[in-house]
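Here's a quick look at some aromatic packing and the strands around it. Have the structure open as you read.

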Amino acid sequence: NLKLKNIAGMRVFGPGFGGLTERSFMHLKTVHIGNMPELEEWVGGPNSPLFSRLESIRCLYCPLLSSFSFLECCTNLCRLHIVGCPELSQFAPLPHTSTLTDCSVNKGLYTGLTYNGKCLTAVRYEGALAFQNLDRVEVIQIYRSPHVSLSVSDLQKMKSLRQLDARSCSSMFSAEWFNPVVLEELAAHDKYLEKNISVAAGLIPEVAMSKSLHPGSFQLEEMEVENISAVLIAPICRRLAATLHTLKFCNDDVTETITGEQEQALNLLTSLQSLRFTGCKLRSLPRLYGLSSLREFWISYCDGIQSLPPKEDLPASLLVLDVMGCSREIKEQAKNLKKAKPCLIVKVRHFIFFKATSFFET
């Protein structure tokens, strides 16, 4: 084991420095470096065998340290913790080996990569990911990480993967990405780009309407998007109709009106059980006459909406109507609807809403 802490004046670390020999590194299993304000370089060639037995590296608060060029040689590495080393960005894609199941690379507060063998989270991560070494991962969450890309072959190797949440990752997706994997949950978010087209908006039509996909290959159960018009297209809704049970439209600040064609497309989703509009610019709601499986209808913080669909345009299967944060007119209509349908659960919830800011937001 090797520990270096609070050593002033040391700029270079490695074999030949500080009395350390190559032989001593060949038997090294644990390295802990902390609070080394002047350390700039850890010497070790990219093909060096000196670090092949290393199992744990912890490097904390070394603001000038700029590279670990030998990291790929650490084939038995199990633990990698990097904190407070803002210049340290020249990594091979992580995890670089399947043995690495305890990884934390944090460039700043709420920014970086964490992985514990089952769950991987990348937030504003500037490096790439080695998905081929994530065969046991179950949950992947990626936010605003522009250098992350995922291929179909990578995805197929992750056989235990059940949840993928990718937001604002403009280079991550391609049309072939969905073939033919079924996930329990897909949340694809992206802010509008320069041409007012989001990644999700461009991806979903391309995939859902592709004639090359197997009929059973696009089996989303839950979808959350920011662009209403990207989803409410008849060929897309036909493709989604058999499996989609939850559809959430969040923060669409462009769409004000749902057209007749879009309304018809929405009503093709006969398996839909929960429909939500949250923080959208809509001024009116669609009729839901064809959603025969719908149980929950949520309208939250959509200030422009002033009326609910008529009773006859709501499905008989509806059990819950939630109008949290809506206008007084909407809440009164909801209460009147309950009088006409006593079994309906109506939630109007009066309270002051404070928007929580998480580290996933800008």
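Phe-249, Phe-277 and Phe-297 make up one aromatic cluster. This is a predicted model, where local features need pLDDT of at least 70, side-chain atom pairs count only at pLDDT 80 or more, and totals for chains, interfaces and linings use all residues. Residues are numbered from 1 along each chain as its sequence is written, and side-chain values use heavy atoms, with hydrogens and water left out.

Rings of Phe, Tyr and Trp (its six-membered ring) pair if their centres lie within 6.5 Å; planes under 30 degrees apart are stacked, over 60 edge-to-face, and the rest tilted. By that rule there are two aromatic pairs:

| Pair | Centre to centre | Between the planes | Type |
|---|---|---|---|
| Phe-249 and Phe-277 | 5.4 Å | 25° | stacked |
| Phe-277 and Phe-297 | 6.4 Å | 80° | edge-to-face |

Phe-249 sits in strand 14 and Phe-277 in strand 15 (residues 274–278), 28 residues apart. Phe-297, in strand 16 (residues 296–300), is 20 residues from Phe-277. Strands here are DSSP runs of E, at least two residues, numbered from the N terminus.

Phe-249 and Phe-277 are both buried, meaning under 20% relative accessible area (1.4 Å probe, protein chains only). Phe-277 comes out at 0%, and Phe-297 is buried at 0% too.

Now for strand 14 (residues 246–250): it runs parallel to strand 13, joined by four bridges; two strands pair if DSSP finds at least two bridges between them. Glu-224 has Lys-248 as its bridge partner in strand 14. Strand 13 (residues 222–225) is covered on both faces, with Glu-222 and Glu-224 buried on one side and Met-223 and Val-225 buried on the other.

Technical notes: Buried < 20%, exposed > 50% of the residue type's maximum accessible area, 1.4 Å probe, protein only.
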